[in-house]
Amino acid sequence: MATNTPLPDFPLTLPALPVRDTVLFPHAVLPLTVGRASSINLVNSLGDEKLILVIAQQDAHVDAPQPADMHQIGTVALVHKVVRMPNQSLFIFTEGVTRARVRNWVQLEPFLKAEVEKVEETPMPAGPELEALQRNVVSLFQQVVSLSPTLSDELQTLVLSIEEPSRLADFVASSIPSLNTRERQQLLETPDVKNRLETVNRQLTRELEVQQLRSKIQTEVQDQVQQSQREYYLREQLKAIQKELGEGDENQRESEDLRKKIEEASMPDEVKAEALKELQRLARMSPAAADYSVTRNYIEWLAVLPWKKSSAHEIDIPKATEVLNEDHYDLEKVKDRILDYLAVRRLNPTMKGPILCFVGPPGVGKTSLGRSIARSLGRKFFRLSLGGVHDEAEIRGHRRTYIGALPGQIIQGLRRAGTNDPVFMLDEVDKIGRDFRGDPSSALLEVLDPEQNSTFRDNYLDVPFDLSKVLFITTANMLDTIPEPLRDRMEIIELSGYTEEEKLHIAFRYLIPKQCEENGVARDRMEFERAAVQDVVRHYTREAGVRSLERQIGTLVRKYARQIAEGKDSDKITITPAVVREFLGGPKVRMDTEIAERTRRPGVAVGLAWTPTGGDVLFIEANQMRGGKGAFTMTGHLGQVMQESMQAALTWVRSHAPELGINEAYFKEHDLHIHVPAGAIPKDGPSAGITMATALASLLTDRPVHPRLAMTGELTLSGDVLPIGGVKEKVLAAKRVGVTTVLLPAENRLNVEEDLKPEQLDGIQLHYVRTMEEVLKLALPESKTEATADQQEREAVLQKS
């Protein structure tokens, strides 16, 4: 039956041929391979009437499709030719005739047969819109054909001969190679010609963009290949010219240079074998290869590392002592530990170096102490700051598979130092980060373990390097944030803050000469009175170290340098307290006055706290509100432990109300409020327990706490005072702010005797307490005479200010 022969009247009963991943459009010719037994039976049963229904499966993986597995709309097709293949399958040529919808399945065996009806199309009215849409589809299709390597150029001419909109949409849809089965089936099931043309137009636009991008990529790749071929030919010509001129092979010369460096590096046998292996690989590699520069850099890194190059300095204990005393005042415990190490090192040069960890507030000389150790040993010094380091690769390095890979900072530091036994300072080890990129502190475990670091493997080098000769020194402000396994590998040496007397010595011996030199002022042109420096320490700084003190002294020197530069003063100047106030302005810190002022009223007690920057004082304020219901409010950005300490303090005071002379009904009629300034700073810890109880007792008995008295200690519900930590820092903080009396737990007496020198306790009276009753007896006045004396002392301090 020819396609122009009229079809029998619908509905028709036709054999149904299921097809996978294929959609036949009307007026399109499609060759099909028939392999299923049911489909072969269908083709063999065809007589003169060669009409069949070609219908797509919903799931291409179904081998024996049933009616439920079929789409509802297919194409009535004419079978033109059947070819039998050697493997018993059939090859048929079909031509689509019209769209048809299945009304009913009338036969399932030996093949499918269905009753179908024609799908009537909704034509698009003729007019400018139809003409514009047709022209756009034709134009886009021609551009796609011209760019596509799989479509024949004859399609550009063929599409121009199609005038009917419906046939144009079907022809283009069957020709676009990027349409999948689902998209083709949707177009087959769209009877509205306008919608079908618009969908085809969108698909052509997308296909055109893809083809243009593919063409651009193809062009760029072709250009790169041509450039590579050009460079190859030029390089070969250059080799030939060099050979004619007798200049030899540049690659061979480079390989020989690297081989010489490897021989001179004194590598261990295992490392040398790896270096020579990579060198042989490099010699066989073209300089244009992607791995050439990576391999060459790797060999150079191996060749420049100090595998066996050590500092050839004799250890001189007297000289080391002189250097340490010259660079640092006091710090006797630290100096003794360093000299012990040097003495053992002199007797046993092969000993493994200890891992020292200096812990203390900022400005106490941790980093500068490391420099002094290196100078006393005659070794190179390298400092690596670990603050904020998040990436494990900063320690272990990147693997060579990454672009721009480098060894970690440990290996890089040894290369810069040039020896395998430098003093290597790891600064701010307590501020290491941790996130999805790894845990640098875990990577440090191998570096800082004397039993493991003799075979340290950097990810980049991937060969062992001996770190056992390196003297590692770490610094930290606090130990709490250092992971326990890492802390276990280090010897902790604590550097507490300085007293006022020690700061004066440091200022005159180190800070003043240093600032004069840095600011271009001759030392003999400035004379500092002791009272002036003391004034700076007391009223312009509030720190455990001397960093802020150095800045203030620098400001004084710069002010005088400016006067010299302006020609106002060319003679010698003496820095007196009056000059300090002229140059630095009014006092910035008046803690002695603040303590006297704030403890004038009942309910205020002074506690002592430990912070990462040293000791500090803490004001505990209590107040009451009449007409309440016994509520208890706690404010001041307090942690859970500190809130529990407040509850324990209130419980103790309420349970001892009769002894303190407090009416028990008072707590039902009043609300209490405890506040710890400053409210924006987080605070936590148990050591303020006795201070809170004292503030409450002071408030409720209407007795102000003795002036210039501070305390620290943990309180139990039964009134026992438990020991606390950071004793030295807290006592020094009390002395710094003008406190004259300090209450400490009795069990901390040994800490005072071991950690504090007699001169550090000058001007401070220590009282050791075991119970809360002892605390109140020492902190609150027992008589009107004591209260009057306290008031006179406060007035004297305030008047002096």
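## Exercise 1: two helices side by side

Helix α8 (residues 269–283) and helix α9 (residues 292–304) pack at an angle of about 150 degrees, and their axes are 10 Å apart. Before you start: this is a predicted model, where local features need pLDDT of at least 70 and side-chain atom pairs count only at pLDDT 80 or more, while totals for chains, interfaces and linings use all residues. Residues are numbered from 1 along each chain as its sequence is written, and side-chain values use heavy atoms, with hydrogens and water left out.

**Task.** Work out how α8 is oriented relative to α9, and which residues make the contact.

**Solution.** 
- Step 1: The angle makes α8 roughly antiparallel to α9. (Under 35 degrees counts as roughly parallel, over 145 as roughly antiparallel, 65 to 115 as roughly perpendicular and the rest as oblique; axes are lines fitted to C-alpha atoms, for helices over the stretch in contact, with angles from 0 to 180 degrees between N-to-C directions.)
- Step 2: The crossing of α8 past α9 is left-handed. (That is, the near helix is turned anticlockwise from the far one by less than a right angle; clockwise is right-handed.)
- Step 3: From α8, the contact uses V271, E274, A275, E278, L279, R281 and L282; from α9, it uses Y292, T295, R296, Y298, I299 and L302. (Contact means heavy atoms within 4.5 Å.)
- Step 4: Sort the α8–α9 contact by class and you get eight nonpolar, one polar and four charged residues. (Ala, Val, Leu, Ile, Met, Phe, Trp, Tyr, Cys and Pro count as nonpolar, Asp, Glu, Lys and Arg as charged, and the others, Gly among them, as polar.)

## Exercise 2: a second pair

**Task.** Describe how helix α25 (residues 689–701) and helix α28 (residues 772–779) cross.

**Solution.** 
- Step 1: Their axes come within 10 Å and cross at roughly 55 degrees, which makes α25 oblique to α28.
- Step 2: α25 passes α28 in a right-handed crossing.
- Step 3: I690, A693, T694 and A697 of α25 meet M772, V775, L776 and A779 of α28.
- Step 4: The class count for α25 with α28 is seven nonpolar, one polar and no charged residues.

## Exercise 3: holes inside

**Task.** How many cavities of 30 Å³ or more does the structure hold, and what lines the largest cavity?

**Solution.** 
- Step 1: There are three such cavities. (On a 1 Å grid over the protein atoms alone, a cavity is a set of points where a 1.4 Å probe fits but cannot get out; lining residues have an atom within 4 Å of a point. A volume is the space filled by probe spheres set on the points.)
- Step 2: The largest cavity has about 50 Å³ of space.
- Step 3: Its lining is G630, A631, F632, L650, R654, F667, H670 and L672. By class, that lining has five nonpolar, two polar and one charged residues.
- Step 4: α22 (640–655) and β19 (670–675) each give at least two residues to the lining of the largest cavity. (Helices, H or I with at least four residues, and strands, E with at least two, are DSSP runs numbered from the N terminus.)

**Task.** Which element gives the largest share of the lining of the second largest cavity?

**Solution.** 
- Step 1: About 40 Å³ of space lies in the second largest cavity, and its lining includes V19, V54, I55, A56 and Q185.
- Step 2: β3 gives the largest share, three residues.

Notes:
On a 1 Å grid over the protein atoms alone, a cavity is a set of points where a 1.4 Å probe fits but cannot get out, and a pocket is an open set with protein on both sides within 12 Å along at least five of seven lines; lining residues have an atom within 4 Å of a point.
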